[in-house]
Amino acid sequence: MPGMNSGPGPASSILVAAFRSALLHQALIVVLIFLFVLATWAVMRTAIGDQRADADWREPRARQLLRIGFGALWVFDGLLQAQPQMAGGMPAQLQAADAGSPGWVADLVNWGANIWSYHPIAAAASTVWIQIGIGLWMIFAVRGWSLRLAALSSVAWGLIVWSFGESFGAILAPGLTVLFGAPGGVILYVVAGSLLLLPQRSWERPATGRLILGGSGVFFLGMALLQAWPGRGFWQGRLGGQPGSLTAMIQSMTGTPQPHVLEVLVSGFGNFTESHGFAVNLVAVLALAAAGASFCVSAARSDVRLARIAVIAAAVFCLADWVLVEDLGFLGGQGTDPNSMIPLILLFTAGYLGLSRQPAADTAAVPVAVGEGPGPARARRLPGWVAGPARAFAGAPLRAIAGIAALGVIIVGAAPMAFAAVNKTADPITAESLSGTNGVLDSPAPNFTLTSQDGRQVSLASLRGKVVLLSFLDPVCTTDCPVIASEMRVADGLLGSKAADAELVSVVANPTYTSLAYTRAFDVQEGLNTVPNWLYLTGTISQLATVWHDFGVEVEDLPAGAMAAHDDIAFVISAKGVLQQEMSDDPGPGTGATQSSFSSMLADSVLQSIGQNQ
């Protein structure tokens, strides 16, 4: 019918089922990767000999906290990405994130959202495994090149997510405040990854701890100044009869599906802020300023005691904000991370640990000692360029081997994502989620004889030997039909050389405008006059009504007397004249992604029928 419907919802059963299926298949691949790597390591360890790293080495506590803490956050974020509604709901969430940002930011985010819209299953599943893989790699990779590569992958993916997923943390949009997550939680992952790239010796001196604490202090002071800046609506619980900036942010979170206890806490704090906005903002400004000043002073003086007090107080403030303002950040079925407060706590706590005295550790290079037995002799018989890596792999500790397997997990996610980024043809799953399950038929197609756009008499029986994609279009329609025509034209291109085995046929679906002048004008308007296997058929009202009836298509004039109301249905008819599929070709919202997806679905249906007849 005229008037496009909305796009697939996040809870579309077809999208959810396809997403789960993709995750299950990829999970099997992930398990096989771990089993293969571990089995290979065990065999080589037995054959070459047991090599053990120096057990006296200890990782600096500050680096260990960043490595394990942010690794765990990446794993948690990956698990959040596996929520059922992510495949269908993420594009709208991405586009909502750029609200108020400059045009170039919106364009960049829309580019990323389009990749997701064109390939929702591949993008959603890839994100799950990339983030889980990065997290596991950071947890298992304790030092050396493996840790540096894990940290670098965290930095790279974090920048991608911060740019496309968080619109640069909304730093270019109005209403920026650390209380609600600015400058974006994922940019803190990038900072942590950058710190993990520092050489080992940097963590054995207080200078790195001072750098982290001092940087945290400057950040807190800047956020305090921004929070205190007049005219931004944070000092008022209500402003002009409307909730103030902070009140509106808190109250917006109460609609998120969440445990009742948390909803009561957030709602109550929102009401309190509405009544006492000045006092709430004053406490926030003072807490941010005090934490910032304390961090800066403790870093400048290397004052461990002051740093400890500041870290505890700042952590309490951040946790309170995480619960009462950010509402934990990951609830509601489409939350992607715990927002910014937990990563922020990890960062400044690592600064404190780096400032305090480290336990004694052996900082010398760790040699790899080959164990006794016949293994080393066998290793020496290998070519030199093989023996060295083989001994290193066989003698690596289990956590390092697990880190290598985690790299395989990242590849499981990155490969489909890379393909999706360059593939301009949308996955048909979006069209299937809009049109519903295609009906499978197995009955002779009713024959008819109508007139083509070039005045020839064409019968359905005369098209035997070719697969027919049959649709019904109104030549004067200005809503659905032009979109469907465009999808048919693109579908023909997707058929490639197989287009010679198919006919794209449409029957006029308007009881008033049935002359050849209208079908020819429609063909030219939609560029179908250049498609060699395209037929747009018309006839007398009696002939058309018979075809509509035989194929179950309802057609009626609209009150305005122009467009007709009709069912958006397409049929696939085999080369033997048998009805095989009935599908809705309602184009939905008519976006680039949905149009491409419908074209893919139509082309796939035709190709399937061609394949069955060969």
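Author: Start with the patch itself. In this predicted model, Trp145, Leu149, Leu152, Leu197 and Ile404 form a nonpolar patch on the surface. Together they have about 450 Å² of accessible area. Helix α6, residues 144-165, gives the largest share of the patch, with three residues. Ile404 sits in helix α16, which covers residues 398-422. Its relative accessibility is 32%. Ile404 therefore counts as partly exposed, since that class lies between 20% and 50%.

Now the chain around the patch. It has 614 residues, and 51% of them are buried. Its secondary structure comes to 21 helices and 14 strands. The C-alpha trace spans about 95 × 80 × 40 Å along its principal axes. The chain exposes about 26100 Å², and carbon and sulfur atoms supply 65% of that area. Take the contacts between residues at least 6 apart in sequence: 79% of them join residues at least 24 apart.

Next, the charges. The chain has 31 positive and 40 negative charges, and their mean positions lie 24 Å apart. Side chains of opposite charge can pair when their charged atoms come close. The count of salt bridges comes to five.

One of them joins Arg67 and Glu59, at 2.7 Å from N to O. Both Arg67 and Glu59 are buried. Arg63 belongs here too: Glu59, Arg63 and Arg67 are linked in a network of salt bridges.

Gln64 is in contact with Glu59 and also with Gly69. Gln64 is in helix α2, residues 61-81. Its relative accessible area is 33%, so Gln64 is partly exposed. The C-alpha atoms of Gln64 and Ile139 are separated by 8.9 Å, although the two residues are 75 apart along the chain.

Another salt bridge pairs Glu274 with Arg238, with the closest N and O atoms 2.3 Å apart. This pair links distant parts of the chain: Glu274 is in helix α10 (residues 260-275) and Arg238 in strand β2 (residues 238-239), 36 residues apart. Glu274 is partly exposed at 22%. Arg238 is partly exposed at 40%.

Lys466 and Glu503 form a further salt bridge, their closest N and O atoms being 3.2 Å apart. Lys466 lies in the loop between β7 (457-459) and β8 (467-473), and Glu503 lies in strand β9 (residues 502-508), so the pair ties together parts 37 residues apart in sequence. Lys466 has a relative accessible area of 29% and is partly exposed. Glu503, at 9%, counts as buried.

Notes. Residues are numbered from 1 along each chain as its sequence is written. This is a predicted model: local features need pLDDT of at least 70, side-chain atom pairs count only at pLDDT 80 or more; totals for chains, interfaces and linings use all residues. Side-chain values use heavy atoms; hydrogens and water are left out. Patches are made of residues with over 30% relative accessible area and no salt bridge: like charges are joined within 9 Å, nonpolar side chains (Val, Leu, Ile, Met, Phe, Trp, Tyr) within 5 Å. Accessible areas come from the Shrake-Rupley method with a 1.4 Å probe; for residues, only the protein chains shown count as cover. A salt bridge is a side-chain nitrogen of Lys or Arg within 4 Å of a carboxyl oxygen of Asp or Glu. Helices (H or I, at least four residues) and strands (E, at least two) are DSSP runs, numbered from the N terminus. Buried means under 20% relative accessible area, exposed over 50%, partly exposed in between (1.4 Å probe, protein chains only). Contact means heavy atoms within 4.5 Å. Lys and Arg count as positive and Asp and Glu as negative; His and the chain ends are not counted. The place of a charge is taken as NZ of Lys, CZ of Arg, CG of Asp or CD of Glu. Lists of a residue's contacts leave out its neighbours within four places in sequence.
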